[in-house]
Amino acid sequence: MRRPNEFKALVITESADHHFLRSVEKKTIEDLPEGDVLVQVMYSSLNYKDVLSATGNRGVTRNYPHTPGIDAAGIVVESVDDKFKPGDEVIVTSYDLGMNTAGGFGQYIRVPAGWVVPLPKGLTLRDAMIFGTAGFTAALSVHQMIESGIRPEDGAILVSGATGGVGSMAVSILSKGGYSVTAVNGKTDATDYLKKIGAQAVISIEAATDTSGRPMLKSLWAGAVDAVGGDILATTIKSMKNGGTVTCCGNVASPDLPLNVYPFILRGVTLIGIDSQNCPMPLRREVWEKIAWDWKIDGLETITTEVPFEALDQRIELMLQRKHRGRTIIRMAD
């Protein structure tokens, strides 16, 4: 592998009237931040956090111009750390990649060695980006639920935001693990899709959202993977069985949680926050190994749309319009 003279990157710039503009620009390696490992990005993927960065959300990205992309899978070009050598296939997700560090929507990235995961033998670079941060977050959620003691025989698992990246992956991983999954369907035409990827039952957002104001509800779920927050998360917690576990990894509906302590002290419900961004490396590598083998999904293509780098801007627009489903991966190489 050798350094390129130039490479392409999606760059977000802020105009004088504070609008944020997206354009593909030519960059050089010298434009990248300092780091231990230079990686040629072969595939990236599109996540909600990328869209926030691409539209000027200062809670995600402080300074512009900037190249988003919280996911990257590619080949090591240079490394000053002896754990990696040119030609190694690697995954880089989470930490500060694509947030305030130039990310995977560029054809090259340079990052600290502590951010880099060797590609597990059971995955291709393309597979790794079908999972990406969304799949890793879903897998980490399932891992933590299992570690809390929830087993398939304990009852149904509820997955909210089930047509999104995290939700689709969680439904598929849980189904592969033998769990009975009920998916919350936010799109009227997605029932067939959700059942195809492993959901045994599908309910509407209205059915998953309590409006009675009662502090506790009928016990329905042994566990839950929540990717939206807000009223659905509160309703889920109030609907858990005794000893149930809920994992929480998103707040697209709301960061607020309108409920009291009764489900926790009367039913022993456990609420686990999922922090995939700063997950310790030993656990990160353990979960990626599970993704590569035990939890590798048979029907990955069912939830995947692959697009060339030139179509990335269009896919960002689709996600902004909430017309996005499953996982979008971006083929970064020319």
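Leu271 sits in strand β13 (residues 270-273). Strands here are DSSP runs of E with at least two residues, helices are runs of H or I with at least four, and both are numbered from the N terminus. This is a predicted model, in which local features need pLDDT of at least 70, side-chain atom pairs count only at pLDDT 80 or more, and totals for chains, interfaces and linings use all residues. Residues are numbered from 1 along each chain as its sequence is written, and side-chain values use heavy atoms, without hydrogens or water.

Leu271 is partly exposed, because its relative accessibility is 35%. The cut-offs are under 20% relative accessible area for buried, over 50% for exposed, and partly exposed in between, with a 1.4 Å probe and protein chains only. Beyond its neighbours within four places in sequence, Leu271 is in contact with Leu233, Ile237, Val246, Cys248, Leu257 and Phe264. Contact means heavy atoms within 4.5 Å. Ile237 is 34 residues away along the chain, yet the two C-alpha atoms are separated by 8.0 Å.

Now turn to helix α7 (residues 281-292). Its 12 residues should span 16 Å at 1.5 Å a residue, and its end C-alpha atoms are 16 Å apart, so the two agree. The expected span is 1.5 Å times one less than the number of residues. Met281, Leu283, Arg284, Val287, Trp288, Ile291 and Ala292 of α7 are buried. Their cover includes β5 (89-93), β7 (116-118) and α2 (125-147).
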